[in-house]
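Subject: Structure handover

Hello,

I am passing on the structure below, followed by notes on what was found in it. Please look it over before reading on.

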Amino acid sequence: MTSFDYLAERLDQLRNQLRLRELVPRDLSGSTFVEASGRHLVNFGGNDYLGLAADRRTSEQSTGSTSSALVCGWTTLHQTLADKLAALESTESAVLFPSGFAACSGTIATLAEEGDLILSDQLNHASLIDGCRLSMAKCIVYPHRDVLFVEDVLEKQREHFRRVWIVTDGVFSMDGDVAPLTPLCDLADKFEATVVVDEAHGTGVLGKTGSGVCEALGEKHRIPIRIGTLSKAVGSQGGFVAGPRHVINYLINRCRPLIFSTALAPAAVAAAIAAIESFQTEPHRRQRVQTLARTLRQRLSLSPIADDLTRSVEMGVPIIPVTLGEDATAISMSRRLSEAGFYVPAIRPPTVPPGTSRLRISVSAVHEDTMIEDLIAWFAAQQ
């Protein structure tokens, strides 16, 4: 695994300069904060100008966090969720972001520096792409899941760069396929690179504990930095990064989307905590959505082509694309599905490459068997 000692040295420099910033959990109570010791402080640091965020008449939790995490927006709830995410991901630490987009773009832009190389999958999410563009590193976009291309680049160019970051979605959002994490990790080991995975569509759905695709493929221990969202399977809002303590502390001190954004709303944090806890108490939800996804893929003859383990994981991914090609065809099919009582969105360029417009079916654990069967019957009738 890549050493992050250089980040520890930078953090020590900040500490010596009295510039190291840390997240301090505090509970908001009206116009005052309650510290962990129980001491009350009148809050003159927040931006709750009308007092509405602290007004509990509309929610059991405050409707807003009043400020950025480093100023005074980090509560004991935030810390609890961060700790639970670190435990779920089997990492030393985790930190929360206001959105998954901010987590992805901010993390890549902060960690990848001038003199570094980023290898980014062609079909990565826009948030990862933007992070690559915002960084000062050189970025090479490799063809989708093309491990041989990545290897060739590393063979020829690794010596020219201080650090290399292999950045990929775990589950690709418009194709429903899975990154080749094992061979990418093998290359990372060989060429002293770091793999960074966005688990947005894997968290809660894949893996024995719901940790995601890294767990499902048995590669959690080889992928030090994992990014996720709280707005998909978790059913709340926000994003997170889990990883080594030095990495998380560095993001807290240097990641602009984290430092300069208002912290995640406490109500969203509380909802996410409940959802993360349900991964252990309600595993049937994860099993249910995977079963429905497998059924739909099999019945629509959309089984993935991959090695045995990856294929098995992909079969349970609840993103099922039906590629049609032309924009007009996808729009027409989506409209006819709507008339039949189904909402299946048509996905067109620039979200997907030209000539690959598609229907994107998303399966949920709350879908009834009859709903799945009716959808399958509709597609069968179009043959």
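Leu119 counts as buried, with a relative accessibility of 0% (buried means under 20% relative accessible area, exposed over 50%, and partly exposed in between, with a 1.4 Å probe and protein chains only). This is a predicted model, in which local features need pLDDT of at least 70 and side-chain atom pairs count only at pLDDT 80 or more, while totals for chains, interfaces and linings use all residues. Residues are numbered from 1 along each chain as its sequence is written, and side-chain values use heavy atoms, with hydrogens and water left out.

Leu119 lies in strand β5, residues 117-121 (helices, H or I with at least four residues, and strands, E with at least two, are DSSP runs numbered from the N terminus). Leaving aside residues up to four places away in sequence, Leu119 touches Ile140, Tyr142, Val150, Val153, Leu154, Val164, Trp165, Ile166 and Val167; contact means heavy atoms within 4.5 Å. Between the C-alpha atoms of Leu119 and Glu215, which are 96 residues apart along the chain, there are 22 Å.

Gln280 belongs to helix α11, residues 266-281. Its relative accessible area is 71%, so Gln280 is exposed. The C-alpha atom of Gln280 is 27 Å from that of Val247, 33 residues away along the chain.

Now the domains. The protein chain is divided into domain 1 (16-53 + 283-381) and domain 2 (76-279), with bounds from an automatic or database domain assignment. Taken over C-alpha atoms, the centres of domain 1 and domain 2 are 16 Å apart.

At the interface, 28 residues of domain 1 are in contact with 30 residues of domain 2. About 2200 Å² is buried between domain 1 and domain 2, and carbon and sulfur atoms give 57% of this area. Buried area is the accessible area (1.4 Å probe) that two parts lose on being put together, summed over both.

Two salt bridges are found across the interface of domain 1 and domain 2 (a salt bridge is a side-chain nitrogen of Lys or Arg within 4 Å of a carboxyl oxygen of Asp or Glu). Asp175 and Arg358 form a salt bridge, with 3.3 Å between the closest N and O atoms.

On the side of domain 1 that touches domain 2, α12 (283-299), α13 (308-315), β11 (319-325) and β13 (357-362) each supply at least two residues. The largest share of that side, five residues, comes from α12.

Regards
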